[in-house]
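Okay, thanks for coming, everyone. Let me put the structure up, and then I'll walk you through a few spots in it.

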Amino acid sequence: MQKSEALALTAALLAAASGLTQRLHEGVVARGFEGLRPVHGFAFARLSFGGATASELAAHLGVTKQAAGQLVDEMVRKGYVERQPHPHDARARLLVLTERGWACTRAAEEAAADAVRPWVAELGEDEVRSLAQKLAAVSPDGPIRPTW
């Protein structure tokens, strides 16, 4: 692949990711979950896999522990996350989604379906599934994090 092709591919993927992030956020807000920013969605994505400590969340988001702590405080205050005793470390707290957090996550799933619908209309369902499989093959473990 030539340098110009690689740059064009990179630009297209970044534009697609940015557009999807925006459409997901707008879809969640339209479903009644106000007072959130896209970074909350990236945090919910990590917490939906059985919770995390603040340190794990900080690493996932690529931020300091202090920044993650502020985000956690905000999510707790808004009723999306709660702190629970950690099952394996008495010094740590496990951050888990509340029912409101899970409802917001379900709203994000609905918004994601809406966001890719134009892709399906343009490319066809088989092509979009193939694209998803190919992207998963080249980036299997993320992380999915905001760009600051």
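Let's start at Asp 89, which is partly exposed, with a relative accessible area of 24%. For the cut-offs, buried is under 20% relative accessible area, exposed is over 50%, and partly exposed is in between, using a 1.4 Å probe and protein chains only. Asp 89 makes a salt bridge with Arg 91, with 3.3 Å between the closest N and O atoms. Arg 91, at 76% relative accessibility, counts as exposed.

Before I go on, a word on what you're looking at: this is a predicted model, where local features need pLDDT of at least 70 and side-chain atom pairs count only at pLDDT 80 or more, while totals for chains, interfaces and linings use all residues. Residues are numbered from 1 along each chain as its sequence is written, and side-chain values use heavy atoms, with hydrogens and water left out.

Back to the charges. Side chains of opposite charge can pair when their charged atoms come close. Here, a salt bridge means a side-chain nitrogen of Lys or Arg within 4 Å of a carboxyl oxygen of Asp or Glu, and by that rule the count is 10. One of them joins Asp 114 and Arg 31, at 2.6 Å from N to O. Why care about that pair? Asp 114 sits in helix α5 (residues 99-123) and Arg 31 in the loop between α1 (3-30) and α2 (38-47), so the bridge ties together parts that are 83 residues apart in sequence.

Glu 74 is buried, at 13%, whereas Lys 78 is partly exposed, at 29%.

Now the helices. How do α3 and α4 cross? The axes of α3 (residues 54-61) and α4 (residues 65-77) come within 9 Å and cross at roughly 110°. That makes α3 roughly perpendicular to α4, a label that covers angles of 65 to 115 degrees. Residues making the contact include Leu 57 and Leu 61 of α3, and Leu 71 and Met 75 of α4. Contact, by the way, is heavy atoms within 4.5 Å. By type, the residues there divide into eight nonpolar, one polar and one charged.

Lys 65 belongs to helix α4 and is exposed, at 57%. Leaving aside neighbours within four places in sequence, Lys 65 touches Ser 55 and Ala 58. Its C-alpha is 6.8 Å from that of Ala 54, 11 residues away along the chain.

Next, α2. Its buried residues are Val 39, His 40, Phe 42, Ala 43, Phe 44 and Leu 47, and these pack against α1, α3, α4, β1, β2 and α5.

Last stop, the strands. Five bridges join β1 (residues 81-85) to β2, and the two run antiparallel; strands pair if DSSP finds at least two bridges between them. Gln 84 stands opposite Leu 94 in β2. And is β2 buried or exposed? Four of the five residues in β2 (residues 93-97) are buried, so the strand is largely enclosed by the rest of the structure.

Note on methods. Axes fitted to C-alpha atoms, helices over the stretch in contact; angles between N-to-C directions. Parallel < 35°, antiparallel > 145°, perpendicular 65-115°, else oblique. Nonpolar A, V, L, I, M, F, W, Y, C, P; charged D, E, K, R; others polar.
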